[in-house]
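Open your viewer and keep the selection panel handy. We will go from the whole chain to a few spots worth a click.

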Amino acid sequence: MKDHCSAGSCPYRKDDTLCTSKIRLFRSLPVEAQEQLIAHSVPSAHPKGTILLQEGQQIDSILIIRKGRLKTCRLEANGEEHVLDILHDGQAIWHDMFLKDPVYHYSVVCLTDVSICEIRREEFLELLKQQPETAMSLIQMLSTELAEAKEKILLLSIRDPEVRLAGFLLDRDTRCIGPYISMRLDDIAASISLRPETVSRNLTKLEKKGLIRRIGQGKIQVIDRPTLQLLFQSLSGE
């Protein structure tokens, strides 16, 4: 069931904040403009395992994750899944929406029960016309996204699996909410193009070195970030 976003149901409104204020795409907009977008957003809930979007589907809205985790992924011709990213509370799916006749180049799957808000693409583009001063901020934001994409390519070019995994964990630790990286072994492996057994073996190495701690299934805590950073930089050539 879908309805417009309201203060009574939105976890951000209860804390007197806006979800848009935490997202690169929106945070340069004036508060009044963000309020306008949120007022017309449509929330919805989806159970774990739901395929929210399919590769090739037209992009007609921006999805804000209110609660839960999603993965963006592509299915290769040989049937192998390649995980592009894991997204969580307060992040958004909006890439490629500025293209002419934009379509998704990946699928989006719920890793947990997920609550989202949808903002129509046309409404956002119309708002940008009314807020031309935000254009430079958007250009800067897109430049940052491009730099991060290049970093991901560089990470995947590292041959040593321990170093590649260290770089990935450093990135996820920065982006995740809370002290834990919540990802299944298979999703980590698919994200950095390694076999699950290779990831498991190298997680054990990092844990024995006292750099990380595994807490149950699907949770990792970075406990010595400076040394993990040093390991990555010294062996990756950065």
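Start with everything selected: of the contacts in the protein between residues at least 6 apart in sequence, 69% join residues at least 24 apart, where contact means heavy atoms within 4.5 Å. This is a predicted model, in which local features need pLDDT of at least 70 and side-chain atom pairs count only at pLDDT 80 or more, while totals for chains, interfaces and linings use all residues. Residues are numbered from 1 along each chain as its sequence is written, and side-chain values use heavy atoms, with hydrogens and water left out.

Now switch to cartoon. The protein has eight helices and 11 strands; helices (H or I, at least four residues) and strands (E, at least two) are DSSP runs, numbered from the N terminus. Colour by accessibility next: buried residues make up 42% of the 238 residues. Buried means under 20% relative accessible area, exposed over 50%, and partly exposed in between (1.4 Å probe, protein chains only).

**Stop 1: α2 and α3**

Select residues 31–39 for helix α2 and 121–130 for helix α3; they pack at an angle of about 160 degrees, with their axes 11 Å apart. Axes here are lines fitted to C-alpha atoms, for helices over the stretch in contact, and angles run from 0 to 180 degrees between N-to-C directions. The two helices are therefore roughly antiparallel to each other, on a scale where angles under 35 degrees count as roughly parallel, over 145 as roughly antiparallel, 65 to 115 as roughly perpendicular and the rest as oblique. Show side chains for Ala33, Gln36 and Leu37 of α2, and for Glu123, Phe124 and Leu127 of α3: these make the contact. By class they are four nonpolar, one polar and one charged. In this scheme Ala, Val, Leu, Ile, Met, Phe, Trp, Tyr, Cys and Pro count as nonpolar, Asp, Glu, Lys and Arg as charged, and the others, Gly among them, as polar.

Stay here and pick Leu29, in the loop between α1 (11–14) and α2. Leu29 has a relative accessible area of 5%, so it counts as buried. Leaving out residues up to four places away in sequence, Leu29 touches Gln34, Leu37, Phe124, Leu127, Leu128, Gln131 and Thr134.

**Stop 2: α5 and α7**

Select 161–175 for α5 and 196–208 for α7. Their axes come within 9 Å and cross at roughly 75 degrees, so the pair is roughly perpendicular. The contact is made by Pro161, Glu162, Leu165 and Leu169 of α5 and by Thr198, Val199, Asn202, Leu203, Lys205 and Leu206 of α7.

Also in α5 is Ala166, buried with a relative accessible area of 0%. Beyond its neighbours within four places in sequence, Ala166 is in contact with Leu228, Leu231 and Phe232.

**Stop 3: Ser193**

Which loop holds Ser193? Ser193 is in the one between α6 (185–191) and α7. Check its backbone: Ser193 has a positive phi of about 55 degrees although it is not a glycine. Most residues other than glycine have a negative phi. Ser193 is partly exposed, at 45% relative accessibility.

**Last stop: the cysteines**

Select Cys73, buried at 6% relative accessibility, and then Cys117, buried at 1%. A search of the whole structure finds zero disulfides, a disulfide being a pair of cysteine sulfur atoms within 2.5 Å.
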